[in-house]
Each structure stands twice: as structure tokens, then as C-alpha cells.
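I opened the notebook to record what I looked up in this structure.

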Amino acid sequence: MISTLLKRIFGDKNTRAIKDYWPIVDQINLEFEKLQNLTDDELRAKTAEFKKRISDATMDIQTPLAEFKNKLLNDQFVEDKHAIYNEIERLENELTDRYEEVLNEILPEAFAVVKDTCRRLVGKSWDAAGNKIHWDMVPYDVQLMGGIVLHSGKIAEMATGEGKTLVATLPVYLNALTGRGVHLVTVNDYLAKRDSEWMGEIYKFHGLTIGCITNTMEPEQRIKMYACDITYGTNNEFGFDYLRDNMASEKSYCVQRGHNFAIVDEVDSVLIDEARTPLIISGAVGSTEHKFDEMKPRVERLWRKQSNLVASIVNEAEQLLNSEDGKDREKAGIQLLRAHRGFPKNKALLKLLSEPEYKKLLQQTELEFLRENAKRMPEIDEELYFAIEERNNQMDLTEKGREELAMGSSEQKEFFVLPDLGTEISKIENDLSMSAEDKIKRKDELYHIYSERSDRIHTLNQLLKAYTLFEKDVEYVITEEGKIAIVDEFTGRVLPGRRYSDGLHQAIEAKESVKVERDSQTLATITLQNYFRLYRKLAGMTGTAETEEGEFFEIYKLEVIVIPTNRPIVRDDEDDAIYKTRREKYNAIVEKIKELREEKRPVLVGTTSVDVSETISRMLKRQGVTHNVLNAKQHQREAEIVAYAGQPGAVTIATNMAGRGTDIKLGTGVVDVGGLYILGTERHEARRIDRQLRGRSGRQGDPGTTKFFISLEDDLMRIFGSDRITNIMSRIGMEDGEAIQHPLITRSVERAQKKVEENNFAIRKRLLEFDNVMNQQREVIYARRRQALEGERLKGEVFDYLEEVIQSIVDKYYDEGDIESIHSEVLQSLLVDMKFEPKVFEDLGKDGVKEKLFEAAKDFYHHKEEMLGSDLMARLERYAVLSVIDDKWKEHLREMDDLKEGIGLRAYGQKDPLLEYKSESYGLFLTLLEQIRNEVVAFCFKFWPQAPAEVQNRRVTQAQRMQTIKDSADNLGLRATAGGDGEGGHRVKLQPIKVEQKTGRNKPCPCGSGKKFKNCHGKNS
């Protein structure tokens, strides 16, 4: 109440910001008036004038910055090189601040130039992504304000139809004047191409260059696109190019030139929805073996048994509910809860729960069993084969389920038991009755059992997830080519080529009896959060950001400013209509559509899945209602269908987000009958998605109506709905087909959505906390790699490493006086044969021994350089640093994957998985740095190429075999192949890595060391 009162007196943050922007808008319009009488050439000259003012204002920083960079490039040995890197970083930060000061000064003039350019383009036509564009836009005042917000590095929330695409041209032009490049990020290739060609004429008028990055583009083309003043592209392409650049073996292969300023269109979709799925570059896994087809019959048998069991439980619950006895009602509640945890989407159960009193009974029983950390829940689950936790999207196998899966196996009860390797190996080592050979053999058997069972458990778990949590035509579809294609839950579009991670996609392929594809391993990875935090300045625009304002600020430090509409919104957002069952809801929807069609009023039916859109479509066909369907199976016709959706009497069924980025323009006479009618068939779990759907209607002051039809059987209401709705419906005693419509119901639904949003935010935040650990390591490795890639000579770095290697060897053996070991290790690592006499060794002392060895090693290196030549030696050094970093980083990522996979189990031991992950990953990283140092030095000293071309050839062949992947935050991620393009852009057929005896990378090494093969004899495979 107090906060409301304070807002009324002082205004909220948004109101105050808007008040501050109006004087700048007035200033822009004053400058605009001054430009009216200029010729086109005089207007163009303004751009050159702006560039000169920027250059003059930054010259005192640019000059020393260039000198420091040249010093690093041209000098082999730079004293205090790290101080120079720090000075470069300081100057670049100072330069960024200076640029911002100058741009703020010229903003009113620059925005006025863009506005006047738009005025001069009115009436002209050109092609954009195959469509004829007739230019008729000049920025309104609110659009100028939106441009100011974007330039300030904030998020501009502007309603659908307010012209966000045009708004972006203002800050894009202004920031492109520095010559450091501006990135405009869109949600798909079509919009990137359309917007770059549509808005491109404004930039071309002033001699600025425009590029567009698309999925199929070759590296040579990408370099040209990034070299432009302004580059359009998707978030995935920008992110994958960053990862590829940090795997490049030559500077000339890098395509990006820094991260200066990015504007993200549909910023909520990119930075919130997509942020749950990190970007990954992957390579082929050596082994193609899997057990999905083998284990599928066992899982299907379990699935059928649970289905029959739940059917009998529901039948028993129904009989108990008809009893007058109070104890029978209590038993019925238990059986309803058991059926709900066994098969929450069982049709007979859903029919029962459509009765409010039974739904209330289930909720009361569940609360009872969830008390005291759900300690009584095993009483419910023990009769089931597995339990499904819909709220958390999890599935747990019960003891009864394990016994069923093990049935028919020779191992029986041991089928799921993993041996305790530490205890068992200790027993073998202490068994005096066994010979050394028998011990090795027994250990091999133990490792084999462990590997087999862990692989089997993982396979069964993923298959059960595929059967219990993933539904065809909801989470995925089967394409005409017989492939499993993932459907984006927010846009309803197919995500081409993407795959779920951790074997889940293979499990779904086995479930649907299509070809099970091979899996892959991580070579490079970054989350979208950490990629976009690379930019010096970041901004975004969307129609719906306010509901996620807290997350935008906490993760990205981005403020949200809501821009007023150019014309008042007159759209009528009606209260939700809530029905008992889906059947009643669908019938009401069809009747409403028929009624609207008779009025010649266009209707857009928003659905949440392919399955729902096809169900509504079938019902309309039976009623003879002509309509268009836009979902994951008809995405090719998206632009055509959306363009027709505003015509009189048009009926369009589309997933809620389909056609995002494209306006629905009303046909002749539609305004007179009330405008576009938006009919939502279900509330989405995110309020933003519902607001986006509503925003399709009522653009630029047009009339329109929106309404959601929901039922108690909808997933959101079933899983997250409150007791209040159930109690209201129970008291009212609704008849079949009757709906409740009240603001109280609408608010209750929004509260349920808020619960889901908070849960999803927690998932994204947890993902970021884990990735921040990786990000710190990534920054160190990529910085070293960039320095190696950009430096002319790396001799100084090699000698720095050499000094550390020698110090490590001497520290290891000196105190014990082990002269022989020092000699042996130096000879083996560096090929330097230097043996100390005991008296000399003692007289020199530890520091003297280090110095003598260092001098001898440098002499050896100089001699090698004289033999091979400086050019070849420079190439050898660069190859050594880059190839070792790449190989070791790849191994490190595999280790980190393994660590993350099981870290969640530490919670059972009362330990924080994140703290455990930080601690262990730090140890792994120190080991990584040590390995890089040792192997770079060893390579530079020991490798003798037969010919100069050998170094180059070795480097080029390694830059092949890459896939781009979009993984997930919770082992339900998306993996994507981008056509298998290698670093050079050529398609390369991926071949399996051949390993002797086909030992898997995570299987025990055949040598009997107790280590995994990848950490032992498989290190260099």
C-alpha cells in the first residue's frame, strides 16, 4: 500500500525515465527541422562529419594503444609482457568510455539524420527476402525514444506493431560510426535476411556497409559479413562463430572482430527462453555401440505393466469414491495420488479429476504425504514400477520397477548394483592368496562389470524418460525422412538438426523405431548468458520484457523501459473462460470460431503444441470450417499464412509464438466488425508468451479482442493450479459445458504461471552458476589461445613455460639429491643431455642448478632454430601452443562433463553440489595448465619436422570434424548438427576413432591401472 502511494506521488522508475527522454526527443526534432533543405549529398556529408568528430575526440587514446599492440606483435621477447596486456586493456576501456561520451553528444543530430533519411525514402520500393517493400515509414516520437533507450544499453519494451525494426536503425547507425561494428541479433535466418535488406537502404544511403550471417554461409563469406559496419544474424550463429574462432588454427580463419555493441530483437526469447540451452561445438565419439534397441523391450514391458496397474488403481478409486464410508474416501484419495504419480495423463484419471471435489481430495492427500520432506511418499510409490514428478519433469524407478527390469537376466538382483570399486580393489590388493596376474585379471573383470552396468543403467533411465516425459507431436515430431525433430516449446517451430543431449535423443529414436544416430563429445561450449556478456554494450527490444525485469537485471544488468504506444491501445482483453474438461473447452472453442466466422471477423487460434493445433483442426474440418494451420509441420508456409490471418472471416490456427516478427495487417472492413480476435486454447507456462499472443491484435490503435479458453485438465492447471480455483468450482457446482468467467479466476491462473516462471528462473540461474565456473577457465584458456594466434613469435612464451618446467623438475628431486632423476627427466622432456657431478651439484645450489639447466636448454633451442630456420620455428611454436591447448581443453571438457554428470548426487551426502563442483573443477584446471605447459615445451624441443609443410598439414587436418550443438541446462538439452561443416567450410564425413580392442573412453584401461582408458593409455588416442 505504501509503495503504491509513493508511486503516485513520485512516479515509478519507468515514468521518471520517460520524463527524462522527452527533452532529447524534442532536441532530435529540432535538428530534424534543420535538415529539411539539405540536398542528399549534404545530408550524406553529415556521416563523414560525425566520423571525424569521433576520430578527433579519441586520437589521444588510439595512438598509444596502437603502439602497444605493435610492440607485442613485433618483439620476440617483451619485458613485462603482462603489464603491456594490462595497459592495452585499460586503454581499450578508456576508449570505450570516450566513444560513449562522443556518441551521446552527437545523438540528437545522428537520430535526426536517420529520421530525415527515412523521410527521403518514402515512396521508394525494393526487395527484402523475396518480398517487395514499399517504404512509408518515418520514426514517430515514441520510436525515437525507443532508440534512445537502446543506445543507453537497456531493453525497450514496445507493443507489437509499434515498429521495433525501424527503432533499431537509430542506435545502429549511431554506434556504427565508430567503425567497431554493431551486431543486430534476430531469432531466425529469415528475419535476419529480411531486416538487413529492409532497413539496409537507410545505411547504404550514408555509405555504411551491411552484412548478414546465415546458417549455410562459408567462413570466407562470414569474414566479409563481420567486417561490415553492421551485421545481422541469429544468436546461435554469433555464438557458434565465437566458439569456432577460439578453435581456429590460423588468425586468418577467425571471422569475428570483437564484441562492441549488440541489439537483441525479441530479447526475451533469446536471453530468457533460449538461455536454458548452452551452445556446444562437438565432434564424433569413437564408439558407435549403444544398448537402446537391446533395452527397449524391457522398458516397453514395464511401461505396459504400469499402464495396466494404473488403470486398475483408477477403477478401484472410482468404486471407493461411490462409498458412503469416510475411510473409503481416505483410501480413494491415496489411490488417486498413486495413479497420479504413476500415469498423470491417464484418461480415466483425468476424467475423474475434472470433478472439482475429487481434484480437491487429491490435493489434500498429496499435501499430507508431502509433509516433513515427503518422508511418507515412498508408501505411495512402492506399489508402482516408477513414479513421475510432473512439476520437476523427473521420473524415479522404484524397487519393484528394478526387479521387473532385471527379470530374465542372468544377474537378477545384481542387474542394477554398481560395485564399489575402491572397496573391491582394496580387497583384491590385500588378498595374499592371489598371484599378481590373477589380481590384474580380477580387476579387469571388476572394471568390465562396472562399465557394463553403469552403461545399462544410463540407457534404461534415458529410455524411461523418453517413454514417460516426452510425447510425440508435443515435444517432438517425426519428419518425412524418419528423423526425430525437436519442437521449440515457445515458438512451435521445428528446430532443424538439433538433438537432445546425454543419449536422450537416441532413446526417443529407439522408442519411435527410427534409426538410432551416433552421439558426440564436447569440444567447446558457452551459455548464451556468458556469450552476450562479452559485449561492451548490450541492448534489447521486445513486446514483453517487464515480467522478467528482475532476471534481466540480475543476469545481464539490463534495465527494462516500457515505451508508450504511438496510439492508445483499444483492444479488449476479456477474462478467461474456464471449463471442467478439455472436451467441453474444445467444443466451446469450435462454436466460438463458427460464430466469429459468420461475423466475417478474422480469428487467430493460439495453441501450445502441434497435437492441440491438429485436434482443433480436425474438429473444424468435421464442421466444414475452412482454416489454415501453422505449426511445426507447416512452418515453410509461415509468412504466407500470417499475411492472410487478418482477412475477413480468416481462421488461422497457430502455435502461440508462430509468426513472431511479422505483423498481421487487417483486411478491408475488419476494423468495422471489431478487428482481429485472438482465441487462446490454453494458458502457457510463461505470462510473456500469453502477452505476445494477445499482442498480435490491436496494433497501432486497431480494435481487437483476446480471450483464453482453459480447462482443469490443462497441464498448467493440473500441475500448478491452486486450491482456490478447485474450491470455487466445487461450490458453484458447474454443469457440463458451462464455463466460469471471473477476474478472480484469471488472477489465480496468473499466480500459477508465476510459480512456473520462478521455477524456470531458478533452473537458468543454476545453469549460469555452474557455467560461471567454466567461464572463468574458458576466459583464461581463450586469452592464451588468442595471444598465441595473434603473436608473430611465441619464443618468449615457450621460454616462460620452459623456466617453469625446469623449476618443477628441480623442485621435485633436488632436496633428495637425486641427480640421476633430474638428468633423466630433462633428457626425456627436452632432449638436453646435462649431467651434474655431485660436487658441482652441491656447490651450485638449487637456484644454480635451475639456471644452468635453463641456459643449456636455451642453447639447445637456439641451435635447433639455426638448423630449421626462424620461420619454421615460429610455425612450430604456434602449432605446439594451439594444438596442445585444443587437445587438453577438449580432454578437460570431457572431465568437466563427467564431473557435472554425477555432482548432483553429492546433495544426498549433505554437500552443496555447486561448491563441490567449484572445488573439484579448480583442481582439474590446475592440472590442465600444468599439462599444457609441459606438453608445449616437450613438443617444441622434441618435434623435428621432415619438411616445413608438415607443420601446416598437421594443423589443417585437425581443424575438421565439428558439429554445432544446442545443449540443455538439465540433461534435456538440444544437440544440433550444422551440416557437419569443418573449419574450412568443407563437408567432411565423420569417421570413428579406431581404438585397439574397441575400448570405450570411459571404460577401464586394459593395463589394469584402475584409471579410465581416456586418462591412461587412451590419452593420446
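I looked up the ring pairs and found 21 aromatic pairs in the structure; rings of Phe, Tyr and Trp (its six-membered ring) pair if their centres lie within 6.5 Å. One aromatic cluster consists of Tyr-242, Tyr-531, Phe-532, Tyr-535, Tyr-782 and Trp-889.

This is a predicted model, in which local features need pLDDT of at least 70 and side-chain atom pairs count only at pLDDT 80 or more, while totals for chains, interfaces and linings use all residues. Residues are numbered from 1 along each chain as its sequence is written, and side-chain values use heavy atoms, with hydrogens and water left out.

I checked for charges over rings (NZ of Lys or CZ of Arg within 6 Å of the ring centre and within 35 degrees of the ring normal). Lys-115 has its charged end over the ring of Phe-32, 4.7 Å from the centre. For Lys-557 over the ring of Phe-553, I noted 5.8 Å.

I then turned to Arg-44, which lies in helix 3, residues 40-74. Arg-44 counts as partly exposed because its relative accessibility is 34%. From C-alpha to C-alpha, Arg-44 is 8.7 Å from Val-113, and 69 residues separate the two in sequence.

Definitions and conventions. Rings of Phe, Tyr and Trp (its six-membered ring) pair if their centres lie within 6.5 Å; planes under 30 degrees apart count as stacked, over 60 as edge-to-face and the rest as tilted. Helices (H or I, at least four residues) and strands (E, at least two) are DSSP runs, numbered from the N terminus. Buried means under 20% relative accessible area, exposed over 50%, partly exposed in between (1.4 Å probe, protein chains only).
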